[in-house]
Amino acid sequence: MSRSNFEEFPLSTARFDGRAAVVTGAASGIGSAIATALVAEGARVAGFDIDEAGLRKKAAELGDAFLPITADVTVEAQIEAGIATVAATFGRLDAALNVAGGSRIGAITDLAESDWDFTVDLVQKSVFLCTKHEARLMRDFANGGAIVNISSLDGRIPMPGGSPYATGKAGVVMFSKNAALELAQHRIRVNSVLPGLVDTPLVAAIMGYEPAKQMFLERIPLGTAATPEQVAGPCLFLASDDASYITGTELVVDGGWEISNFPNLAKLAG
Ligand SMILES: NC(=O)c1ccc[n+]([C@@H]2O[C@H](COP(=O)([O-])OP(=O)(O)OC[C@H]3O[C@@H](n4cnc5c(N)ncnc54)[C@H](O)[C@@H]3O)[C@@H](O)[C@H]2O)c1
């Protein structure tokens, strides 16, 4: 490639200079890593979470660039109020990364209706509610925007005992496509990210129990769980102008887990 080609496509380290972002689940794990990476690239970030102490810690780490907003992403009134604070404080919204999540597990034959509702509300309804209010602000600001919704590899691969989580996460992929279709007229892009195993407090029980951890790692060709930063990078790509022509699709970030289901007969060869 000639030098002039490089000048046409400069590699930027400050893709979010002057921009404003919302990150849900910003107090921990993947959301926390995304907030840190966005601030490092010039953004002001509103971090939504129910974990007030975690948000305070994040604010101490990131300083004035981080606006902590205590809100439950399953409650529309709290999201609406939080987005109003974003509008009043930043006066704009360029990127929104809907990351908050969690689950209650159980066999279908035993699962309580309340556990199903808790999980589907948290992983799926929250993405609808957040997208709704984030997109309204982006539309009113009229400068376009990008929304990244965190699904999971479980949205494609069922998990024993995880029917509400896997169902909800599959819904996040389709919802993101639907939102991309509807919001393109406002130059708002919407995509989803499907992480595999990521070393965060959410999976501490797996990562802390060696036999379980090994069973997961056997499935992952790259041989490790992802760090939260390894998921934050692809999320920032989709939220940035580097992905300006990408909307309505999904990005799997799983170390190859999804492609490893065929038995490895080579092991029989001794
Ligand atoms: N860790 C993994 O292996 C993995 C794999 C695939 C997908 N994911 C998804 O990535 C996302 C982030 O997970 P993580 O691993 O960083 O987990 P985490 O537990 O470290 O962080 C989740 C954050 O969401 C917040 N949260 C939970 N319920 C909330 C609510 N009702 N309102 C507002 N905030 C709430 C928590 O307080 C926490 O700060 C989740 O959607 C999760 O399903 C994680």
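R187 lies in the loop between α6 and β6 (188-195). Helices (H or I, at least four residues) and strands (E, at least two) are DSSP runs, numbered from the N terminus. The model is predicted, so local features need pLDDT of at least 70 and side-chain atom pairs count only at pLDDT 80 or more, while totals for chains, interfaces and linings use all residues. Residues are numbered from 1 along each chain as its sequence is written, and side-chain values use heavy atoms, leaving out hydrogens and water.

R187 is not a glycine, yet its phi is positive, at about 55°. R187 is exposed, with a relative accessible area of 52%. Exposed means over 50%, buried under 20%, partly exposed in between (1.4 Å probe, protein chains only). A142 sits in another loop, between α5 and β5 (145-150). Its phi is also positive, near 60°, in a residue other than glycine. A142 counts as exposed at 53% relative accessibility.

Helix α3 covers residues 52-62, and G54, L55, K58, A59 and L62 are buried in it. Seen down the α3 axis, these buried residues fall within an arc of 140°, so they line one face. The arc is taken over directions from the helix axis to the C-beta atoms. R56, K57 and A60 are exposed on the face turned away from that buried side. The buried residues pack against α2 (29-40), β2 (44-49) and β3 (66-70).

α2 and α3 pack at about 20°, with axes 11 Å apart. That makes α2 roughly parallel to α3, a term for angles under 35 degrees. Axes are lines fitted to C-alpha atoms, for helices over the stretch in contact, and angles run from 0 to 180 degrees between N-to-C directions. S32, A35, T36 and V39 of α2 meet K58, E61 and L62 of α3. This contact (heavy atoms within 4.5 Å) divides into three nonpolar, two polar and two charged residues. Ala, Val, Leu, Ile, Met, Phe, Trp, Tyr, Cys and Pro count as nonpolar, Asp, Glu, Lys and Arg as charged, and the others, Gly among them, as polar.

**Helix α5 with α4.** The axes of α4 (residues 76-90) and α5 (residues 113-141) come within 10 Å and cross at roughly 25°. α4 is therefore roughly parallel to α5. On the α4 side, E76, I79, E80, I83, V86 and A87 make the contact; on the α5 side, L129, C130, K132, H133, E134 and L137 do. These residues divide into seven nonpolar, one polar and four charged.

H133 belongs to α5. H133 is buried, at 4% relative accessible area. Leaving aside neighbours within four places in sequence, H133 touches E76, I79, E80 and I83.

**Helix α5 with α6.** α6 covers residues 163-183, and its axis comes within 8 Å of the α5 axis, crossing at roughly 15°. The two helices are therefore roughly parallel. The α5 side of the contact includes W116, V123 and F128, and the α6 side includes Y165, F175 and L183. The contact divides into 12 nonpolar, seven polar and one charged residue.

A crossing is right-handed if the near helix is turned clockwise from the far one by less than a right angle, and left-handed if anticlockwise.

| Pair | Angle | Axis distance | Crossing |
|---|---|---|---|
| α2 and α3 | about 20° | 11 Å | right-handed |
| α4 and α5 | roughly 25° | within 10 Å | right-handed |
| α5 and α6 | roughly 15° | within 8 Å | right-handed |

Technical notes
Angles under 35 degrees count as roughly parallel, over 145 as roughly antiparallel, 65 to 115 as roughly perpendicular and the rest as oblique.
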